[in-house]
Amino acid sequence: MNQVKAVFQGDFDLLENIKISPLSRGYTFSDGIYEVVPFHNNIPIAFDEHIIRFKKSADAMNIVFDESKVIDEMSQLIDMCDGNNGYVYYQISRGVDEIRSHIHNSNIEPEYFGYSLNYDFEDKKFKVLLCEDIRWGRCDIKSTSLLANTLMMNNAALKGCNEIIMHKDGIITEAGASNVFFIIDNTICTPSLNNNILPGITRDMSIKIFRKNNINVFEDNFSIEQLLSASKVWLTSSTKGMAEVTDVYSENHSIESENTLFNKCEDIFRTAFFND
Ligand code: PLP
């Protein structure tokens, strides 16, 4: 971990050497946004899409940032990374206050921070706990404020799970750090986007490549009961890729260990993302 390459306010250094002010609003209010861009053979995956989402999050938060600086620093972090496969974490926070105050100065300068990490995109399987979505009303913004997610995911970890799937008013939203797909009657389903769901880049790319391969994907509101009737469930994210859910902890639900449509989707996904 010690040799992680990072950048803070334009200065590249090892992550362990970076210091922030305690009056950074990133620290006091989680007043910031972030992106996680995976790279494979040193090439970023869906770089443009991540930058577009960064801008959307920034607009929603009234943060103005230097896009070319972010692209340049992320690219440099990828080049500096020890491994060829990994991801860049990049965060833009509001800036540093003179004293902690909910209302920030109008001339506050954003803080730019990022690092790259060598990461093995190996298949990982997930045990998920179903829980009520207790998050705020703008989960479509990729904000660093993830207290509800971390709270629920750590509760799930105590119960032997490594992810959660959330529901709001009986409707499935997403997982703690990923989007949700499932198969009902040989049809692929995923919750449609709204303010309660992060528009995942991997979700979007999956839907596009499945449709291109003549596999129907239904985006709709799905109930807890519908999720629990699924024969296969999986999660998508930039670091998980397409990750199988082996257990959904709720009542007597059981999912199939083998599912042909899932296997086909997995092959399509791997080819599209990693040219495997
Ligand atoms: N939903 C949430 C809450 C997330 O935190 C993430 C990723 O971090 C995703 C979905 C998946 O998004 P992406 O595919 O862009 O990584």
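This dialogue explains how to read several features of a predicted model.

Colleague: How does the length of helix α3 agree with the number of its residues?

Modeller: Helix α3 covers residues 67–80, and at 1.5 Å a residue its 14 residues should span 20 Å. The C-alpha atoms at its ends are 20 Å apart, which agrees with that expectation.

Colleague: Which residues of α3 are buried, and where do they lie around the axis?

Modeller: The buried residues of α3 are Val70, Glu73, Met74, Leu77 and Ile78. They cover an arc of only 140° around the axis, which puts them on the same side of α3. The face turned away from that buried side carries the exposed residues Ser68, Asp72 and Asp79.

Colleague: What covers the buried residues of α3?

Modeller: The cover includes the strands β1 (5–8), β3 (32–40), β4 (43–44), β5 (86–93) and β6 (111–118), together with helix α2 (47–60).

Colleague: May we read α2 in the same manner? Which of its residues are buried, and which are exposed on the other side?

Modeller: We begin again with length: the 14 residues of α2 should span 20 Å at 1.5 Å a residue, and its end C-alpha atoms are 20 Å apart, in agreement. In α2, the buried residues are His50, Arg53, Phe54, Ser57 and Ala58. Seen down the axis of α2, these fall within an arc of 140°, so they line one face of the helix. Asp48 and Asp59 are exposed on the other side. Among the elements that cover the buried residues of α2 are β3, α3, β5 and α5.

Colleague: How does one describe two packed helices?

Modeller: Two packed helices are described by the angle between their axes and the distance between the axes. Here, helix α5 (residues 201–212) and helix α7 (residues 260–274) have axes that come within 10 Å and cross at roughly 110°. The two helices are therefore roughly perpendicular to each other. The crossing in which α5 passes α7 is right-handed.

Colleague: Which residues meet where α5 and α7 come together?

Modeller: From α5, Ser206, Ile209 and Phe210 meet Cys265, Ile268, Phe269 and Ala272 of α7.

Colleague: Let us turn to single residues. Is Phe273 buried or exposed?

Modeller: Phe273, which lies in helix α7, counts as buried because it has 20 C-beta neighbours inside 10 Å. Not counting residues up to four places away in sequence, Phe273 touches Ile45 and Gly241. The C-alpha atoms of Phe273 and His40 are separated by 8.6 Å, although these residues are 233 residues apart along the chain.

Colleague: How does Ile171 count, and what is it in contact with?

Modeller: Ile171 lies in strand β9 (residues 171–175). With 19 C-beta neighbours inside 10 Å, Ile171 counts as partly exposed. Leaving aside neighbours within four places in sequence, Ile171 is in contact with Asn221, Phe222 and Ser223.

Colleague: Where is Asn186 placed, and what is its phi?

Modeller: Asn186 is in the loop between β10 (179–184) and β11 (187–191). Its phi is positive, about 65°, although Asn186 is not a glycine. With 11 other C-beta atoms within 10 Å, Asn186 is exposed. A positive phi, near 55°, also belongs to Asn62, which follows α2.

Key
Residues numbered from 1 in each chain as written. Predicted model: local features only at pLDDT ≥ 70, side-chain atom pairs only at ≥ 80, totals over all residues. Helix = DSSP H or I, 4+ residues; strand = E, 2+ residues; numbered from the N terminus. Expected span 1.5 Å × (residues − 1). Buried ≥ 20, exposed ≤ 12 C-beta atoms within 10 Å, placed from the backbone. Arc of directions from axis to C-beta. Contact = placed C-beta atoms within 7 Å. Axes fitted to C-alpha atoms, helices over the stretch in contact; angles between N-to-C directions. Parallel < 35°, antiparallel > 145°, perpendicular 65-115°, else oblique. Left-handed = near helix turned anticlockwise from the far one by under 90°.
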